[in-house]
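Subject: A structure for you, with some notes

Hi,

Here is the structure I promised to pass on.

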Amino acid sequence: MRIGRALLLTAVTLAGALTLSACDDDGKPNGSAGGNYVTGTAGISTVAQGSRTEAPKLDGETVDGKTLDTTSLKGKVVVLNVWGSWCPPCRAEAPNFAKVSKELADAGKDVAFVGINTRDSSKQNAASFEENFGITYPSLYDPDGKLLLRFPAGTLNPQAIPSTIVLDKQGRVAARTLVAISEQQLRSMIDPVLAEQ
């Protein structure tokens, strides 16, 4: 009886601590890393306009041998997709990225897609992946994951492969997911940010 009561008290204490850690001083959800964001049921975390942090500069050589600096894309909504050719969930979501990026470009929307290819030992594997899935936007080649480390701890950073991050037109992190996503989920991340004034 005593052991059962002790276990119950411990469980209640832990539940209370977890509830408190998921809220800020105003009682609003803010995420486990202390950021002011809310994670929805689809695993997509979003940040209100006034609480967003600027994304780091992501620059370097692309899979096709060119150079790219994401800070030059300010003024557009930027969709960052972290992927590897060796990653089955990345292969599953790639057709969705190819389709949505093409449709938004054809519609003249102010959206730029940028891949971040990571943990691939050769550009050849990454280039084959892009060709196989019809990926036409550039991907930064980041075999050691150094670009991902530029995101500050405690922010909506790419902590998994695949990860997708949407930046607003000011270059601030507006949304993130750490799982492979469908076409509908991808659009649900982009459309609200694109509609912002």
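Which backbone nitrogen does the side chain of Glu 93 reach? In this predicted model, the side chain of Glu 93 comes to 2.9 Å from the backbone nitrogen of Ile 181. Glu 93 belongs to helix α2, which spans residues 88-106. Glu 93 is buried but forms no salt bridge, and the nearest side chain of opposite charge, that of Arg 91, is 11 Å away. Leaving out residues up to four places away in sequence, Glu 93 touches Asn 81, Pro 162, Thr 164, Val 179, Ala 180 and Ile 181.

Next, the nonpolar cores. The largest one has 28 residues, and those touching the most other members are Val 79, Phe 97, Val 111, Phe 113, Val 166, Leu 186 and Ile 190. Two or more residues each come from β5 (77-83), α2, β6 (111-118), α3 (123-133), β9 (173-177) and α4 (183-194). Helix α2 gives the largest share, 6 residues. Apart from this core lies another, of 19 residues, which includes Leu 73, Val 78, Leu 80 and Leu 167. As you know, nonpolar side chains in soluble globular proteins tend to be buried together.

Setting aside neighbours within four places in sequence, Phe 113 is in contact with Val 79, Phe 97, Val 100, Ser 101, Leu 104, Tyr 137, Pro 138, Leu 186 and Ile 190.

Helix α3 is worth a look too. Ala 126, Phe 129 and Glu 130 are its buried residues that I would point you to. They sit on the same side of α3, because they cover an arc of only 95° around the axis. Gln 124, Glu 131 and Asn 132, on the other side of α3, are exposed. The cover over the buried residues of α3 includes β5, α2, β6 and β7 (139-142). After α3 comes Gly 134, with a positive phi near 70°.

Not counting residues up to four places away in sequence, Asn 117 touches Val 63, Trp 83, Gly 84, Ser 85, Ala 126, Leu 140, Tyr 141, Asp 142 and Pro 143. One of these, Ala 126, is among the buried residues of α3.

Enjoy looking around, and do write back with your thoughts.

Best wishes

Conventions
Residues numbered from 1 in each chain as written. Predicted model: local features only at pLDDT ≥ 70, side-chain atom pairs only at ≥ 80, totals over all residues. Heavy atoms only, no water. Helix = DSSP H or I, 4+ residues; strand = E, 2+ residues; numbered from the N terminus. Buried < 20%, exposed > 50% of the residue type's maximum accessible area, 1.4 Å probe, protein only. Lys, Arg positive; Asp, Glu negative; His and termini not counted. Salt bridge = Lys/Arg side-chain N within 4 Å of Asp/Glu carboxyl O. Polar contact = N/O pair within 3.5 Å; in protein donor to acceptor, adjacent residues only side chain to side chain. Contact = heavy atoms within 4.5 Å. Core = buried A, V, L, I, M, F, W, Y, C linked by side-chain atoms within 4.5 Å. Arc of directions from axis to C-beta.
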